[in-house]
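Work through these exercises with the sequence and the 3D view open. Try each task before you read its solution.

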Amino acid sequence: MQRITELDILKIAISIEEDGVSLYRRLYKNEKNELKKQVFYAMMNEEKSHVSIFKKLYKDIEKKEEVANGKYFDSHIPTAVKTLISYFMLPTEEFYNQEQDFKEIIEQSVAQEYRTIEFYNKLKQNTHRQDIKKILYDIICEEEKHVIKLKEMIYFEKETITLEEHIHFIENVLNGMGDWVRVIDANDNIIYANKTMKEGLSLSLVGRKCYEVIGRDMPCDNCVSRQSIENYKSMRKEEEINGKIYSIMSSPLRDLNGEVHSVIEVLRDVTETKLMQEKLKEQNNKLNTDLQIAREMQYSLLPKPLTQTKVEFDYIYIPSEMIGGDFFDVFNIDESHIGVYIADVSGHGVPASMLTMFLRQTIAKDILSPALVLKQLYKNYSEVDFSKEMYITMFFGIIDINKNTIRYANAGHHMLPMLLDKDNGKIISLEATGIPISRWMDQVEYDEYVQKLKINNRLVFFTDGVTEICNSSSEMYGISRLKAFNLRNKDNTINKIKDLLTEEINAFKKGTDQITDDITAVFLDI
């Protein structure tokens, strides 16, 4: 991005203010009515003073050595400001030479004042120099006065207005508000209240203590009115008044010298909002309780230790939400066969967990053909009215502890299990493909494969939540790292290896957001 230095910014500000001088000079020269001429003349002089302020700043900064590094304002002005520069420029002189009525010209002037205020506000946000902030704040206040003056000229359709008319205009604005509005002085006296507040409290408010009208004998302990006056900044709190809850915003009112001796407070009835928040909080607590119960139920369904000793297993199971969409099981089929599967349900949270419940209750655990188990599961799934967007990927295997084999089939689970030969330090993948458990096709067939096993072999099943964990550089953990981890720790027990992998994953993703997918890994030692 092209840098804009503080001098560039001041050039823009000078240009804006000089255009403002030209605008009001033209309006002054072309206006025949003497009262209107006085208004435009006063505004022209104020814009001239702004030009002088910015030019003086320009000269002061130009002499400083720091200008070369662009340090006066923060390192750069956001691109948004840069692209809006042309938007802040005034219309050309030719525009004002066209035949236009007075109201149209004033409306154009108001629009320009708004753009100028917006621009100066952005400049004020981009400097930490308090002296510059003060200058910009003062100029913004003057530009806001221009807007008020121009708006009044349109509103009353006359060249200038009396003090009474000005007060009437402001009161119309305040009385038109649905919120309560009051002005309080430094001694807690109400010196103004709008029509809505008077009608709401059915009281004569002016001259009374602010705390008295809400039924108190003394000032509130957390009086935001006094805090606002003392700190010269807006303060907020909530207060119960006549059985209703009000949000109170207290903002300082500055006099012509910039001093604060009173505040304007806006009181908004938020009773219904608070009641709704409480209901939502109660519902959220109930939902969290229900989810916690569901989580405990899901964990209770995880596999228990096997009754024989020829196969040992352990696992990592970390749902990304309260309840997960990954599921697995290791179970005895008969005295010589052990079933094992790992599944990954589309999506997360409650919908995914419901599918894991379906899977747990539906899968056949007495059939010795993995392909037939998956085919039967697919048929059962198709008979339920699940959405076509939902599906389950699953790898199912049966270990024959007498023949030392694993027979397996795959329903779209692309994270292929690893078979680690700890004796020779090699890893192979249990290759297989197939359609996920879904409603995508009417009928499916699954291929079945057999892999020979040896004593001291280790099977590692996992979901993509393990391999797709990202580090702070958006680099995924990946299958290669998982293979290297298993080779590096082949001599560790499966109880130890699950802790080591958990530590490695946490170290890898350090500095990133929380996990976005369920993490599941199952280790089986033959």
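**Exercise 1: the second largest cavity**

Sort the residues lining the second largest cavity into nonpolar, polar and charged.

Solution. The lining divides into four nonpolar, three polar and four charged residues. Here Ala, Val, Leu, Ile, Met, Phe, Trp, Tyr, Cys and Pro count as nonpolar, Asp, Glu, Lys and Arg as charged, and the others, Gly among them, as polar. The model is predicted: local features need pLDDT of at least 70, side-chain atom pairs count only at pLDDT 80 or more, and totals for chains, interfaces and linings use all residues. Residues are numbered from 1 along each chain as its sequence is written, and side-chain values use heavy atoms, with hydrogens and water left out.

Next, locate the cavity. Of its 11 lining residues, Gly20, Glu47, Gln112, Glu113 and Thr116 lie nearest the centre. A cavity is a set of points on a 1 Å grid over the protein atoms alone where a 1.4 Å probe fits but cannot get out; lining residues have an atom within 4 Å of a point.

Then assign elements. α1 (6-30) and α6 (102-125) each supply at least two lining residues. α1 has the largest share, five residues. Helices (H or I, at least four residues) and strands (E, at least two) are DSSP runs, numbered from the N terminus.

Last, the volume is about 60 Å³. It is the space filled by probe spheres set on the points, which are joined across faces, edges and corners.

**Exercise 2: the largest cavity**

Find which element gives the most to the lining of the largest cavity.

Solution. Start with the volume, about 120 Å³. Among the 16 lining residues, Arg182, Cys210, Cys220, Ser225 and Lys237 lie nearest the centre. The elements giving two or more residues are β1 (180-185), α10 (224-231), β3 (235-241) and β5 (260-269). β3 gives the most, with three. By class, the lining holds 11 nonpolar, one polar and four charged residues.

**Exercise 3: serine 250**

Solution. Now list contacts (heavy atoms within 4.5 Å). Leaving out residues up to four places away in sequence, serine 250 touches Val224, Ser225, Ser228, Lys233, Ser234, Met235, Val263, Ile264 and Glu265.

How values were computed:
1 Å grid on protein atoms, 1.4 Å probe; cavity = no way out; pocket = protein on both sides within 12 Å on 5 of 7 lines; lining within 4 Å.
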